[in-house]
Amino acid sequence: MDSLEQELAHIEERLIALEKEKSALFERKHFLQNQLTEEQIPATQIETLSVDEKVALFSSLFKGRTDIFSRRWENKQGRSGYSVACTNEWRQGICHKPRIKCAECNHRVFSAIDYAVIYDHLAGKHTLGLYPLLQGDNCWFLAVDFDKSDWQQAVAAFRETCVDFSIPFLVERSRSGNGAHIWIFFDETIPARDARRLGFGLLDKAMERHAGLSFESYDRLFPNQDNMPEGGFGNLIALPLQNEPRQSGNSVFIDVFFNAYPDQ
């Protein structure tokens, strides 16, 4: 009986080792695919992009509602959050914050996203919060958020699943450095319901393949709703390449080894 138990234990150990080797091979495969793609794009083509072209490139990927956005704030006590941008904010005689809350203000006029808003985000003048759920319940992208202790293992498993299904994606290390967003972009708008089904389907497949992982680090999908909530805008997501965190290697795109790409 002891020999049978030992053999079963050995088989179990071998299966775990094979699963780890498989995961490592998937990582290496995706890394090589990225390298091949980069080699196909001449470096000078990227280096010679003007500021306007860089802003346009960023805007072409991270698309959501353009009629409204939020900015990140942080007070002296260390509290932080996001507030919807308003063209009348702090205007004397019109804006009465904090006595009157923004949601109750009759003078609130939402600010739209334009070139200057994107430029200021990349330049570090503010951090832009984008609303991915469009009016009509469609979206341009899906983002999957991981943000707890085992985030690297969960991200690797989810990334492996995307590679296996030939789904292009980008991985962004979060602002804090203790999590990541996996971004999947669509060539055209699709129903948020379908985007979220894709996200849950990929997550289920990743869990099936890596039953030993808890996936506790999985937090949510963006868009976070199938349909626009009544009286609301849906959840916002902070856009990547935030200037200050970028100096510490955060809010940047990372490779399969969780290292930042040299030319963000």
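Mentor: Let us start with a definition: a salt bridge is a side-chain nitrogen of Lys or Arg within 4 Å of a carboxyl oxygen of Asp or Glu. This is a predicted model, in which local features need pLDDT of at least 70, side-chain atom pairs count only at pLDDT 80 or more, and totals for chains, interfaces and linings use all residues. Residues are numbered from 1 along each chain as its sequence is written, and side-chain values use heavy atoms, with hydrogens and water left out.

Trainee: Thanks! How many salt bridges does the structure hold?

Mentor: Side chains of opposite charge can pair when their charged atoms come close. Here Arg 193, Asp 194 and Arg 197 are linked in a network of such bridges, and Glu 74 meets Arg 72 at 3.1 Å, N to O. For the whole structure, the number of salt bridges is nine.

Trainee: Which helices hold Asp 164 and Arg 209?

Mentor: Helices (DSSP runs of H or I, at least four residues) and strands (E, at least two) are numbered from the N terminus. Asp 164 and Arg 209 form a salt bridge whose closest N and O atoms are 2.3 Å apart. The pair ties together parts that are 45 residues apart in sequence, because Asp 164 lies in helix 5 and Arg 209 in helix 6.

Trainee: What about the bridge between Arg 65 and Asp 67: what is the relative accessibility of Arg 65?

Mentor: The two side chains meet at 2.7 Å, N to O. Asp 67 is partly exposed, since its relative accessibility is 34%. Arg 65 counts as buried because its relative accessibility is 8%.

Trainee: Asp 67 makes me curious about Ser 111. Which residues is Ser 111 in contact with, leaving aside neighbours within four places in sequence?

Mentor: Ser 111 lies in the loop between strand 2 (80-84) and helix 4. At 10% relative accessibility, Ser 111 counts as buried. Contact means heavy atoms within 4.5 Å, and beyond those sequence neighbours the partners of Ser 111 are Asp 67, Ile 68, Phe 69, Ala 85, Cys 86 and Thr 87.

Trainee: How far apart in space are Val 51 and Tyr 119, C-alpha to C-alpha?

Mentor: Val 51 is found in helix 3 (residues 51-61), while Tyr 119 sits in helix 4 (residues 115-123). Not counting residues up to four places away in sequence, Val 51 touches Tyr 115 and Tyr 119. Although 68 residues separate Val 51 and Tyr 119 in sequence, their C-alpha atoms are apart by 8.7 Å.

Trainee: Now the sheets. What is the strand order in the open sheet of four strands?

Mentor: Two strands pair if DSSP finds at least two bridges between them. Strand 3 (residues 128-130) and strand 8 run antiparallel and are joined by two bridges, with Gly 129 opposite Ala 238. The open sheet has antiparallel pairing, and its strand order is 2-1-3-8.

Trainee: Which strands are its edge strands?

Mentor: In the order 2-1-3-8, we look for strands that pair on one side only. These edge strands are strand 2 and strand 8.

Trainee: Where strand 5 and strand 6 form a hairpin, which residue in the turn has a positive phi?

Mentor: Strand 5 (residues 170-173) and strand 6 (residues 180-191) run antiparallel and share four bridges. Val 171 stands opposite Ile 182 in this pairing. Six residues lie between the strands, and the turn residue with a positive phi, about 90°, is Gly 177.

Trainee: What is phi of Ser 166?

Mentor: Most residues other than glycine have a negative phi, and most peptide bonds are trans. Ser 166 lies in the loop between helix 5 (151-164) and strand 5 and counts as exposed, at 64% relative accessibility. Its phi is positive, near 55°.

Trainee: Last one: which residues does the cis peptide bond join?

Mentor: Look at the loop between strand 7 (218-222) and strand 8 (237-238), where Pro 223 is found. The bond has omega near 0°, and the cis link runs from Phe 222 to Pro 223.

Technical notes: Buried means under 20% relative accessible area, exposed over 50%, partly exposed in between (1.4 Å probe, protein chains only).
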